[in-house]
Amino acid sequence: MATKPPRADIDETRVHVSRPKKVAVGVPAVLHALEIANEQMGVTRSVQTLLRVNQKDGFDCPGCAWPEEDKRHIAEFCENGAKAVAEEATLRRVGPEFFAAHSLDELRGHDDWWLGQQGRLTHPMVLEEGATHYRPISWDAAIALVADELTALDDPDEAVFYTSGRTSNEAAFLYQLLVRGIGTNNLPDCSNMCHESSGSALTETIGIGKGTVSIEDIHEADLLIVAGQNPGTNHPRMLSALEKAKQRGATIIAVNPLPEAGLMRFENPQTVRGVAFGGTKLADEFVQIRLGGDQALFQAIGKHLLEAEAAEGGVLDHAFITEHTSGFDAYRQARTDAAWRDLVAATGLPEKALRRVGEAVRTSKATIVCWAMGLTQHKHSVATLRDIVNVLLLQGNIGRPGAGVCPVRGHSNVQGDRTVGIYEKPSTAFLDALDAEFGFAAPREHGYDTVQAIRAMRDGLVRFFMSMGGNFVSATPDTAVVEAGMAQVGLTVHVSTKLNRSHVVTGRRALILPTLGRTDRDRRGGREQRVTVEDSMGAVHSSRGRLAPPSEELLSEVAIVARLSALVFGAESPDAAPRSLSERGTSETKRPGRGAHPDPASDHGLPEHGAAERERRDPAGLQHPSNAPQADWAALEADYALIRAHIERVVPGFDDYEERIDKGRTLHLPNGPRDARRFATVDGKARFTVNPLEYPVIPRGRLLLQTLRSHDQYNTTIYGKDDRYRGIHGGRRVVLVNAKDIVALGFAENDVVDLVSEWTRPDGAIEERRAEEFRIVAYRTPRGNAAAYYPETNVLVPLDSVADVSGTPTSKSVIVRLERRA
């Protein structure tokens, strides 16, 4: 049997530090994964469950979005994937008796680890206004409560609908249809906080907001640059792909402020070499760059390539540049004018080191650049990623084998959710197809992204909030503002598998709607249903859970959305009259932070963040729809294949959807740059861009902080108390600081300090935020840089400090001072 959940929170006084690891995975990772699995699931259930992870007849891992090869290993999971499965398939339960025994005030006092360790939610629960405890509620009453709240709104834009990346394609498609039927595009999601900068930069430069490589391209690359990423913790299965590339002769360059064990040496537990012979050294070079210096690095690479071309020729792909790109001359001039001293100052690296990386790119036959949050969460992130594209375009490294851009997504279906419509700025083409399929007029005005939604809650403009999965309160920046804003909402609704902080920081009323997870058997309409997900590389495949659900009271996400839609829009028939909301039209009072879609020629484009906050109308003048989507909601709940048929007719690339996912086969979505060097940009060509050099300037006596995950963590889900690769054990409230900075700032290792962030507003005023009681740990990080775990440090990230263009919170660029505790 599984162990009981913990009775106490993490005791931060017991934290201790050892030397960071220089090797990842290996036997210790296997043993730790099995230990966690046994604690949560028991031995028999662990074996039965883990052997179905990422198998063609099994379920997709609820962890990261790294793709699988066509040929699967018997154990197709990593350490953190096993932890994610164990957390979902746990035998621990959180039912009505738990909520009766624990008041809301008591639950608020516990940390995120304790809340998550309590187990699976089993019954719908409601928190009435002024109540001290959640109480059980029937499904019919819960869904009626949600429908009543929605239909009582004065304006559909008073509702916000958040989505986490684990929601299936089928549930996400129905969810966005519900939301647009109600009359709003308020569909913020976790992408807004993670890879929005990637989508913004790539859409503008190559015409698609996704990567352009396949798993086979990773294996075939001659050079892989892995920047701002820690695959050993965040996507460990990527290490196997890097190992295969390495064995085929690839060079790997790691670019990061922190040395990460997974990019040093990989002991693959599925090979004899990994277990008995010390594994594989992965990174040929570790480029320890200053936080925010990545743009300067790629500008330096571009400058080196252009200088080499001028000196000896044969470096650039002139045929590709002439036929498939625009803007080259302006880019070349900008790089010629750039001064090496500025690039050195921005990166913290000598010119010799910058040229060494440039030379590796020059001599490469096929180059891939991979990145994650380390590049996407700065003010100048979009400019940084444009400069990565510039470097790849110089040598024609897009649209050929072993080459391209590879943004590595986190959640297992965050990319798929976007593909099927979870987006606050939908394209005109998508909305036109949706209208035609469901016989209604979807709203054209832009909705709130995540930051804009929080601002609206802060300003009292949101009366209803619904989250499809996720942990909104812990995942978002500026925690105090988020919590205060959430308290002003009339009703908060969370569709969840497990308890988290968003269930205890609520609106005036709150609902918890427990749902099936990836591992659970979903039997509906007299048959077992399957869902589909899309990985980081645009491949769609099916997922089917096999475990008995933890409670007979659970509904699938699809069933929850379908039943709510039936009640809001009319359940008797597809032609039934809707309830009152969508008949009301729109209020004349416009909300801040809105905007209609830009020119239809740039359907996948993202306007600049400031422009998105101005009032605009689409050319047709459409406002909120005066009718509801026409659908047989009961039939869609009973047969998910009918949802996929709708997706096939609305979203390009899903031809023969059902047939192609049969028997575990994969549907590869079309990708213009990769498949045909076709670029859906403004001018139909891949675009060189000129981006002024930016990098953070750190005031004297201050540090630049990045927030990050520990190894025993997946996003806001905390599996344990350790970060063993970095040598942190038994606690999380630590701040990693260069040893010389510790002395220069007048502290000693193990001192306990408050972290105080300092943000200069546009008007020149300085705002401060405080995270209390962090232990200083000396660590190998560049001078002036520091690191600490989120969600504990999300409180330090200012809500209004966001990336240009994308609006992503700048969680990797937080100016802080250390303040000694009394």
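In this predicted model, Met125 sits opposite Pro136 of strand β6. As background, strands in a sheet pair through backbone hydrogen bonds, in either a parallel or an antiparallel manner.

Now step back to the sheet around this pair. Six strands form an open sheet in the order β6-β5-β19-β18-β17-β7, and the pairing is mixed. At the edges are β6 (135-136) and β7 (159-163), each of which pairs on one side only. Helix α7, residues 139-151, packs on the sheet and touches β5, β7, β17 (464-468), β18 (491-496) and β19 (509-514). The direction of α7 makes about 130° with that of β19. Helix α26, residues 557-569, also packs on the sheet, touching β17, β18 and β19. Here the direction of α26 makes about 150° with that of β17.

Next, let us look at helices that pack on helices. Such a pair is described by the angle between the two axes and the distance between them. Take helix α1 (residues 26-41) and helix α3 (residues 79-88): their axes come within 9 Å and cross at roughly 0°. Angles under 35 degrees count as roughly parallel, so α1 and α3 are roughly parallel to each other. On the α1 side, the contact is made by Ala29, His32, Ala33, Ile36, Ala37, Gln40 and Met41, and on the α3 side by Glu79, Ala82, Lys83, Val85, Ala86 and Glu87. Sorted by class, this contact has eight nonpolar, two polar and three charged residues.

A second pair has another geometry to follow. Helix α9 (residues 196-206) and helix α20 (residues 381-394) have axes 8 Å apart and pack at an angle of about 45°, and are therefore oblique to each other. The crossing of α9 past α20 is right-handed. Ser197, Ser198, Ser200, Ala201, Leu202, Glu204, Thr205 and Ile206 of α9 meet Ser381, Val382, Leu385, Arg386 and Val389 of α20. Among the residues of this contact, six are nonpolar, five polar and two charged.

Finally, let us visit a loop. Asp722 lies between β29 (717-718) and β30 (728-729). Its relative accessibility is 27%, so Asp722 counts as partly exposed. Leaving aside residues up to four places away in sequence, Asp722 touches Ser710, His711, Asp712, Ile728, His729 and Gly730. Ala803 is 81 residues from Asp722 in sequence, and their C-alpha atoms are 31 Å apart in space.

Note on methods. Residues are numbered from 1 along each chain as its sequence is written. This is a predicted model: local features need pLDDT of at least 70, side-chain atom pairs count only at pLDDT 80 or more; totals for chains, interfaces and linings use all residues. Side-chain values use heavy atoms; hydrogens and water are left out. Axes are lines fitted to C-alpha atoms, for helices over the stretch in contact, and angles run from 0 to 180 degrees between N-to-C directions. Helices (H or I, at least four residues) and strands (E, at least two) are DSSP runs, numbered from the N terminus. Angles under 35 degrees count as roughly parallel, over 145 as roughly antiparallel, 65 to 115 as roughly perpendicular and the rest as oblique. Contact means heavy atoms within 4.5 Å. Ala, Val, Leu, Ile, Met, Phe, Trp, Tyr, Cys and Pro count as nonpolar, Asp, Glu, Lys and Arg as charged, and the others, Gly among them, as polar. A crossing is left-handed if the near helix is turned anticlockwise from the far one by less than a right angle, and right-handed if clockwise. Two strands pair if DSSP finds at least two bridges between them. Buried means under 20% relative accessible area, exposed over 50%, partly exposed in between (1.4 Å probe, protein chains only).
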